[in-house]
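Please keep the sequence and the model at hand while reading.

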Amino acid sequence: MKRRTFLTGAFTGTAVLALGVNLYLPNITTSSEDIHHRVLFSVLIPVFLDGALPEVPSHRDLAINRTLDAISQSIIHLPIEQQQELMELLDLLEGRFGLLLLSGSMTPLLMREPQQLIDMLEFWRNNYLNMLTTAYSGLRELIMASYYACPEHWGNLRYVKPTFLVHNAH
């Protein structure tokens with residue numbers, strides 16, 4: 001075998017392999033827990049809902065889990081573009097480099113003290129970069145809306161579901 005033939009064959013094989021890898025789109029199935037980044041939200045929920053969550057640990061855990069389920073449902077109903085933006089933000093927050101860019105620290109959010117999370121979110125809230133203020137607002141609105149979408153949390157707002165549409169069976 002000539003060296004030229006060998007090199008041409010190797011180059012062609014490599015090019016075909018690279019093309020195949022780029023064209024192949026695997027059907028990746030991920031669990032809903034991975035999709036909705038439950039762990040990350042479970043760290044952010046107590047920060048955004050400080051004072052609204054129950055003090056009793058078992059009731060607090062139930063409220064957080066109920067809110068996590070509501071967040072999952074809320075994300076499903078967002079427009080595709082917003083879902084993609086949210087997933088990009090959450091992926092950045094779960095990665096060390098993204099955390100460094102967004103918060104100035106590579107320490108995972110799970111390992112931060114509540115005051116450190118509050119400081120990070122306040123920095124986003126009052127930042128001159130529109131991207132950070134949008135990230136803060138989006139996370140806050142998603143968590144707050146998901147929490148108060150659950151009827152068992154309406155009591156904190158002194159809200160009572162309207163009854164004028166319910167027919168009385170007298």
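Is Arg-38 buried or exposed, judged by its relative accessible area? Arg-38 is buried, because its relative accessible area is 17% and the cut-off for buried is under 20%. The coordinates are those of a predicted model, and the values below are computed from them.

**Salt bridges**

The structure holds two salt bridges. Side chains of opposite charge can pair when their charged atoms come close. In one of the pairs, Arg-38 is joined to Asp-69, with 3.0 Å between the closest N and O atoms. Asp-69 is partly exposed, at 38% relative accessibility.

In the other pair, the side chains of Glu-122 and Arg-125 meet with an N to O distance of 3.3 Å. Both residues belong to helix 7; they are three residues apart and therefore separated by about one helical turn. Glu-122 is partly exposed at 32% relative accessible area, and Arg-125 is also partly exposed, at 45%.

| Residue | Relative accessible area | Class |
|---|---|---|
| Arg-38 | 17% | buried |
| Asp-69 | 38% | partly exposed |
| Glu-122 | 32% | partly exposed |
| Arg-125 | 45% | partly exposed |

**Helix 3 against helix 7**

Two packed helices are described by the angle between their axes and the distance between the axes. For helix 3 (residues 38-48) and helix 7 (residues 114-125), the axes come within 10 Å and cross at roughly 80°. The two helices are therefore roughly perpendicular to each other. Helix 3 contributes Val-43, Leu-44, Val-47 and Phe-48 to the contact, and helix 7 contributes Leu-117, Ile-118 and Leu-121. By type, the contact residues are seven nonpolar, no polar and no charged.

In soluble globular proteins, nonpolar side chains tend to be buried together. The largest nonpolar core here has 34 residues, and the members touching the most others are Phe-41, Leu-93, Trp-124 and Leu-139. At least two core residues come from each of helix 3, helix 4 (57-77), helix 5 (80-94), helix 6 (96-103), helix 7 and helix 8 (130-148).

Which residues does Trp-124 touch, not counting those up to four places away in sequence? The partners of Trp-124 are Leu-89, Leu-93, Leu-102, Leu-132, Thr-133, Ala-135, Tyr-136 and Leu-139. Two of these partners, Leu-93 and Leu-139, are also listed among the core members with the most contacts.

Definitions and conventions:
Residues numbered from 1 in each chain as written. Predicted model: local features only at pLDDT ≥ 70, side-chain atom pairs only at ≥ 80, totals over all residues. Heavy atoms only, no water. Axes fitted to C-alpha atoms, helices over the stretch in contact; angles between N-to-C directions. Helix = DSSP H or I, 4+ residues; strand = E, 2+ residues; numbered from the N terminus. Parallel < 35°, antiparallel > 145°, perpendicular 65-115°, else oblique. Contact = heavy atoms within 4.5 Å. Nonpolar A, V, L, I, M, F, W, Y, C, P; charged D, E, K, R; others polar. Core = buried A, V, L, I, M, F, W, Y, C linked by side-chain atoms within 4.5 Å. Buried < 20%, exposed > 50% of the residue type's maximum accessible area, 1.4 Å probe, protein only. Salt bridge = Lys/Arg side-chain N within 4 Å of Asp/Glu carboxyl O.
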